[in-house]
Amino acid sequence: MSITLPQYLLNAVQKQEIDNDLAVLISSVAQLSKVINDKVTHGALAGVLGFAGTDNVQGEHQKKLDVLSNEIFVHGVEWTGAVAGMASEEMDDCLPTPKQFRRGEYLITFDPLDGSSNIDINAPIGTIFSITKAPQGEITNESFLIPGKEQVAAGYVMYSPQTIMTFSFGKGVVMFTLNMNTGDYILTKENFTIAPSTEEFAINMSNMRHWAKPVKQYVLDLLAGKDGPLGKNYNMRWVAAMVAEVHRVLCRGGIFMYPWDNRKPEQPGKLRLMYEANPMAFLIEQAGGAASTGKIRILDVVPEKLHQRVPVFLGAKEEVERVVRYHQELS
Ligand code: AHG
Ligand code: MN
Ligand code: MN
């Protein structure tokens, strides 16, 4: 018999794995993702393609769908009363819960639309979220600076041939597929385990000349295949949407990398700690994989800024450990 998302969450509440508010919060993300999904699947028909004509706090040109998804996310969560505040890639500062709503005990941080460059070419995109407990008192940007290891839940929704919601509240990773006829998310996979070794990697190779020595040498060794020091051939993929890359790693293994590079040397990497690296690292670790900056475990990074960036190496444990060794030996 198929298990719907509300049934699954109710069951988790009854087993006291999560409280009511967390169930409502995860459920609200599922609901709002259906609204984003509707816009995504209608594309040009819904008038959602192209640029919004604005920039976000990180100086990136916002797409219409970035802005719209952010609004849908905020409105989809605020009424629940489950959060004390929200923070997003698309908002300069956090949004404490408005006075008319109950101040809940959670904080939610999100990337409303991941993989923006894929929107207009009808390629995979997603939504990423991370949930922590809120500190007492007034909610400010500083309230969100909580290490990833303290996340109580995290997940993503992927809009692709299938719309899939994957999340974890610390008891393994579960995946639900949206039945677009009934509007139900149905449990389609649990007990994810990422194989410790792999023969597949993902990195934007066009940046190779900008990488630091350890990453350059590691990727050269991957490319050398059977004839090189690693003694096996590797396949490569690059979807340009972290949601899709992490989804692939969860489903069939591999390593995904977005390292520092000297195009913008002052930036530690491209991906953002709070709403990209941390939630994905949480899922990957829950599935038995590893996630590192190349130097330390991503979930141990102590955040200093809401929109902080970080280098990311995640997936198959042995391969992530190998990259860390290259960093130790060649830095
Ligand atoms: P976003 O659209 O939220 O800004 O994130 C895009 C990120 C990530 O999803 C992806 O892995 C990476 O940017 C792609 O970068 P390249 O354009 O360098 O391939
Ligand atoms: Mn993103
Ligand atoms: Mn985004």
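**Close-up views of a predicted model**

Just after H6, Gly288 adopts a positive phi of about 90°. This and the views below come from a predicted model.

View 1. H6 spans residues 273-286. Of its 14 residues, 12 are buried, so the helix is largely enclosed by the rest of the structure.

View 2. H5 covers residues 242-252. Nine of its 11 residues are buried, so H5 too is largely enclosed by the rest of the structure. Those residues are Met242, Val243, Ala244, Glu245, Val246, His247, Arg248, Val249 and Leu250. Gly253 comes after H5, and its phi is positive, near 90°.

**View 3. Packing of H5 against H6.** Two packed helices are described by the angle between their axes and the distance between the axes. For H5 and H6 the angle is about 10° and the axes are 11 Å apart. An angle under 35 degrees counts as roughly parallel, so H5 is roughly parallel to H6. On the H5 side, the contact uses Met242, Val243, Val246, Val249 and Leu250. On the H6 side it uses Glu276, Ala277, Met280, Leu283 and Ile284. By class, the contact residues are nine nonpolar, no polar and one charged. An α-helix has 3.6 residues a turn, so residues three or four places apart point the same way.

View 4. The site links distant parts of the chain: Asp114 sits in strand E5 (residues 106-114) and Glu276 in helix H6, 162 residues apart. Asp114 and Glu276 are both buried.

**View 5. Site of the manganese ion (ligand 3).** Glu89 (OE), Asp111 (OD) and Leu113 (O) coordinate this ion at 2.2 to 2.3 Å. The donor spacing is E-x21-D-x1-L. Glu89 lies in the loop between strand E3 (83-88) and strand E4 (95-96), and Leu113 lies in strand E5, so the pair ties together parts that are 24 residues apart in sequence. Glu89 and Leu113 are buried.

**View 6. Asp111 between the two ions.** Which residue bridges the manganese ion (ligand 2) and the manganese ion (ligand 3)? Asp111 coordinates both. The two ions lie 3.7 Å apart.

View 7. Ala316 is placed in the loop between strand E15 (312-315) and helix H7 (317-330). Is Ala316 buried or exposed? With 0% relative accessibility, it counts as buried. Setting aside neighbours within four places in sequence, Ala316 contacts Ile194, Ala195, Pro196, Ser197, Thr198 and Gly254. Ile139 lies elsewhere: its C-alpha is 37 Å from that of Ala316, and the two are 177 residues apart in sequence.

View 8. Most residues other than glycine have a negative phi. Gln16 is not a glycine, yet its phi is positive, about 60°. Gln16 belongs to the loop between helix H1 (5-14) and helix H2 (20-42). Its relative accessibility is 71%, so Gln16 counts as exposed. Ala240 also has a positive phi, of about 70°, without being a glycine. Ala240 is in the loop between strand E12 (235-236) and helix H5. Its relative accessibility is 32%, so Ala240 counts as partly exposed.

View 9. How many disulfides does a search of the whole structure find? The count is zero. Cys94 has a relative accessible area of 12% and is buried. Cys251 has 40% relative accessibility and is therefore partly exposed.

Note on methods:
Residues numbered from 1 in each chain as written. Chains lettered and ligands numbered in written order. Predicted model: local features only at pLDDT ≥ 70, side-chain atom pairs only at ≥ 80, totals over all residues. Heavy atoms only, no water. Donors = N, O, S within 2.8 Å, 3.2 Å for Na, K, Ca; no water. Helix = DSSP H or I, 4+ residues; strand = E, 2+ residues; numbered from the N terminus. Buried < 20%, exposed > 50% of the residue type's maximum accessible area, 1.4 Å probe, protein only. Contact = heavy atoms within 4.5 Å. Axes fitted to C-alpha atoms, helices over the stretch in contact; angles between N-to-C directions. Parallel < 35°, antiparallel > 145°, perpendicular 65-115°, else oblique. Nonpolar A, V, L, I, M, F, W, Y, C, P; charged D, E, K, R; others polar. Disulfide = S-S within 2.5 Å.
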